[in-house]
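Dear colleague,

Please find below the structure that I am handing over to you. My notes on it follow directly after.

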Amino acid sequence: MSIIKRGTQVPARWRLLACGLLLMASASLPARADDGIVDVHALPQLEGAVEDNSRPDPYRVEYRMPTPESVTSPAVKKLLGAAGWVPYVRPLEEKSTTLNFKKGRQGLSVHFTQALGRPDQSVVYYSTDRIYGNVPFPDGASDIVFDGTRPYLGCIAPSALDATSDFYASQMEAIGWRKLAPETAARWTTSLDEAVPNGLRVFYEHPDSEVTGFYKQKPVMLTLTRRDDGRTNVDIRVAPFALPFDLKADSDAAGLPRPTFTKSSRGLGSASSSKREMSAAAMAELPAVQAFYHRELAARGWQEDGSAPLAPGDEVAIKISNAEETGVLRLGRKYDFTMVSLTAQVKEAALAARAKAKKEADDRFFSDAAAAAKQVIAADEARRKVQAAALSDAPLNALADSKTPVPLPENAEGVKFEGSDGSLEFSSTSSVKALTAFYRASLKPLGWNERPSVINQPNMAMLEFAKGGTSISFTVMQMGPKVRVSAEGSGLKVAAAKPAEVQAKSSEPLKPDTESQLPVPTQRSSTSLATTKLPGSETPFRRELEASIPAPLGDVLAFYRTELGKLGWQEKADGAAVSAESAQIDFTSPQGPAVLKLGRAKGETTVNLAQKNPDAATKADIMPKPGQARVMLGNIGPKEASLTINKQTIKIAAGAGGPQSPKGPMLDLAPGKYQYALRVPGRPARTETLTVAAGDAWGLMVGPTGEVLPLQMY
């Protein structure tokens, strides 16, 4: 075997060999166990436990119990107590359902959940909880409040003061604590002599120790006091002189100052709220916290206005104020925390000033918006005039060889004609005037009689024609540099244009769309969902789904009967009318009455599914009286409007039923068809028809230009 003298240069291959031998030797040594971490897999479990081994974790165990949490929790507490685990509560977590235990220098957290879908079963979780600042618990102690991170301990020892003092003198030393010497304490304080009425006080320090888990532990203060019942109060906390005394500002809470070193904090409101609150648990002595707020509030323009009445738990209560707000700062002690409560309320004068400023800002906004709208309208009007000037007023001739039931002008572009639906669309470079003259001149010789129309403007006109029980409606409207013509009616339907439609069976079963609020198949060509509800509310009065499905009506009907049945909808015995081309079924749903309507159009099945929520409608005060319909009137236009319906004339103020004035006029009507007339100053009267059924609620909203928008609300 070679011998290498000390100081001799070792070749690289020898160094590599030495490293390899060292690695082999170290690999053969067992890893030292961490005595501060409990082996949760070795802990006792309740009888009947079924452990979950799907995700192995050395620091966590999960097992299911065939009993509810209310039974499992006390049973676990009793089981672990019998094994030497002492339960305690964390400071400020008195209402937590998590159980905390300590055994020597090891900690354990236990929490519970209900088993998924099984309220009669529960799941138990054991998790390791390392204790960084261990202190001993007296045997048989009660009312234990403990935090092993600082540490903090508050409890009642069952023994007298002298016996409790002897216990801590021996047990603190056993785990490495030693009495704080004056020379060591000199960095914080000049004296350790503190008299405690009816008790005693001792200061301890603990050196850093990887073995026992202590690291940079601050000195602690043990205080023992006699109780009238012969027992002893125990309090261990970080020595006050070792806590920070010059607190800095952390981030604000609700726009109010908050010191650093807080265990918890909460803020309600913001800097713009009329009332705001901030609360915190500061890990500092009360004088340090009070000094922080004295400095920070003064820097923010607050002044102290004397003492406020003390509330339970307060040691300090100070009135504060600034130019706009008044408030109260409250400080008290709980455990080893200084509890902070800071509230601020805007003064009445400041609230009035804010409201005035907001109104002025809103007025400026609406004024600017109105001016901008006028500019846009004026610019649009000017553009329309320029575009209209480019349109031709020259007489038009009919397009030769047209296949449509009515003539087309010779310059018709983009013609779309649907004979089965009775619809026609095209555009033209001729003016509205020229196109209306063309149809009046060309349809009269064909036997069509024109009906009167109230809309006959340079940029828009409507024409109505009738012949032999059929009719056609034309809308002629300037759309930019061209005029758009759309027509519909029974006079445009061509029965021979298509053979009779045969409903072929769908190639695959209809599947429900799981993302839709109301049932609808994934195989659809179009769909829309409309809801009506109060602003800010999540519950609609009415939901309506419309869809078009490329499948036979029978298949769609079967789909809806199945899917609605799954949701608890029930068909009314006398509420079904089904034929080969249409279907209507009344339902009772968990939310309220509903109706399904099916039809046929363009080779597809059309769906209209509407559901009402009477509870939401009643809460919103739109529920019709039994056997009647309710109509709500609104006006978002700038002028008062009047509406005459059912021999009643109702004035609708500007803004009624809008965001600034939610309550507009309402009236109840018997089921039926009603003609109503709307009059707005400076605009021609409008006459429309509204059909209402028993139990319906409709809204009639007057628009800015005098039009009426009908909307079924319920």
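In this predicted model, the hairpin formed by strands E35 and E36 has 6 residues between its strands, and within the hairpin Gly682 adopts a positive phi near 85°. The two strands, E35 at residues 672–679 and E36 at residues 686–692, run antiparallel and are joined by 7 bridges. One of the paired positions is Ala677, whose bridge partner in E36 is Thr687.

Strand E35 also pairs with strand E32 (residues 641–645), again in the antiparallel sense, over 4 bridges. Here Leu643 has Leu678 of E35 as its bridge partner.

Leaving aside neighbours within four places in sequence, Leu678 is in contact with Ala641, Ser642 and Leu643, with Ala685 and Arg686, and with Val702, Gly706 and Val708. Leu678 and Ile650 lie 28 residues apart along the chain, and their C-alpha atoms are separated by 9.7 Å.

Apart from its neighbours within four places in sequence, Phe474 is in contact with Val406, Tyr439 and Leu443, with Ala461, Met462, Leu463 and Phe465, and with Val485, Ser486 and Ala487.

The charged side chains form the next topic. The count of salt bridges comes to 35. One of them joins Asp246 and Lys248, with an N to O distance of 3.3 Å. Asp246 is partly exposed, at a relative accessible area of 43%. Asp246 and Lys248 also belong to a network of salt bridges that links them with Asp252, Arg295, Glu296 and Arg300.

Two further salt bridges may be noted. Glu277 forms one with Lys275, and the closest N and O atoms are 4.0 Å apart. Glu277 is partly exposed at 28% relative accessibility, and Lys275 is likewise partly exposed, with a relative accessible area of 45%. In the other, the side chains of Glu544 and Arg542 meet at 2.9 Å, N to O. Arg542 is buried, with a relative accessible area of 9%.

Finally, a word on confidence. The mean pLDDT of the chain is 85, and 92% of its residues reach 70 or more. Over residues 1–32, however, the pLDDT is below 50, and this stretch has 5 contacts in the model beyond near neighbours in sequence. The pLDDT is also below 50 over residues 496–506, a stretch with 15 such contacts in the model.

With kind regards

Note on methods. Residues numbered from 1 in each chain as written. Predicted model: local features only at pLDDT ≥ 70, side-chain atom pairs only at ≥ 80, totals over all residues. Heavy atoms only, no water. Contact = heavy atoms within 4.5 Å. Pairing = 2+ DSSP bridges. Buried < 20%, exposed > 50% of the residue type's maximum accessible area, 1.4 Å probe, protein only. pLDDT = per-residue confidence, 0-100.
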